[in-house]
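Subject: Structure handover

Dear colleague,

Please find below the structure you asked about.

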Amino acid sequence: MREIKFKYILQHDETGRIISRIFTIKQIETGKAQAWIKSCERWNVVDRLEFTGRKDKKGTDIYEGDITKTKDGYDICIDQAIYNTAHNKFMLTSTYSSKLAIGLGEYTDIEIEIIGNIHDNPELLEVEKWESCQSSSMQ
């Protein structure tokens, strides 16, 4: 069974600075997350991102909203980790085509590397920066 935990994203009222902290479901249920949020005066919760149950090639936990670079031996793509309610699973969705998506638990031969997230690095999702998945032979 995968560990259930969430990354809370807070933004400062005046500066716009973003901070985050990870809580397990047990910590959330015992009030530790709420206590931390209350202690952060002038900060607002802007997102709660769930752990996908998968790690990237460096062993870093992948959360919803993480931006990843995936490599399957042929192509290198920039994707975003999302929860797809229609398929009831976490997926990596391509930045240039909503039709390109892979289930996070389905393919073990794909190399995944976290390169940012939607709050700290939204520019990584700009389609203009990525014309399409690039062939590995072009790298």
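The notes below start with the overall picture and then move to individual residues.

This is a predicted model, in which local features need pLDDT of at least 70 and side-chain atom pairs count only at pLDDT 80 or more, while totals for chains, interfaces and linings use all residues. Residues are numbered from 1 along each chain as its sequence is written, and side-chain values use heavy atoms, with hydrogens and water left out.

Overall

The protein has two helices and 10 strands; helices (H or I, at least four residues) and strands (E, at least two) are DSSP runs, numbered from the N terminus. Their order along the sequence is β-β-α-α-β-β-β-β-β-β-β-β. Of the 139 residues, 37% are buried; buried means under 20% relative accessible area, exposed over 50%, and partly exposed in between (1.4 Å probe, protein chains only). Among contacts (heavy atoms within 4.5 Å) with a separation of 6 or more, 53% are between residues 24 or more positions apart.

Helix H2

In helix H2 (residues 32-39), the buried residues are Ala33, Trp36 and Ile37. They sit on the same side of H2 because they cover an arc of only 100 degrees around the axis, the arc being that of the directions from the helix axis to the C-beta atoms. These buried residues pack against E1, strand E2 (18-24), helix H1 (25-29) and E3. Lys32 and Lys38, on the other side of H2, are exposed.

Salt bridges

There are eight salt bridges in the whole structure, each being a side-chain nitrogen of Lys or Arg within 4 Å of a carboxyl oxygen of Asp or Glu.

- Lys5 and Asp61 form a salt bridge at 2.6 Å, N to O. Lys5 is in strand E1 and Asp61 in strand E4, so the pair ties together parts 56 residues apart in sequence. Lys5 is buried at 11% relative accessibility, and Asp61 is buried at 14%. Lys5 also touches other residues, including Phe23, Leu49 and Tyr63.
- Glu14 and Arg42 form a salt bridge at 2.3 Å, N to O. Glu14 is in the loop between E1 and E2 and Arg42 in the loop between H2 and E3, so this pair ties together parts 28 residues apart in sequence. Glu14 is exposed at 58%, whereas Arg42 is partly exposed at 46%.
- Lys57 and Glu111 form a salt bridge, with their closest N and O atoms 3.4 Å apart. Lys57 is in the loop between E3 and E4 and Glu111 in strand E9 (residues 111-117), so the pair ties together parts 54 residues apart in sequence.

A network of salt bridges links Lys57, Lys58, Lys69, Glu111 and Glu113.

Asp56

Asp56 is in the loop between strand E3 (43-55) and strand E4 (61-63). Asp56 is buried but has no salt bridge, and the nearest side chain of opposite charge, Lys58, is 6.0 Å away; for charge, Lys and Arg count as positive and Asp and Glu as negative, with His and the chain ends not counted. A polar atom of the Asp56 side chain lies 2.9 Å from the backbone nitrogen of Lys58. Leaving out residues up to four places away in sequence, Asp56 touches Ile62, Ile112, Glu113 and Ile114.

Regards

Definitions and conventions:
A polar contact is a pair of N or O atoms within 3.5 Å; within protein, one must be able to donate a hydrogen and the other to accept it, and residues adjacent in sequence count only if both atoms are side-chain atoms.
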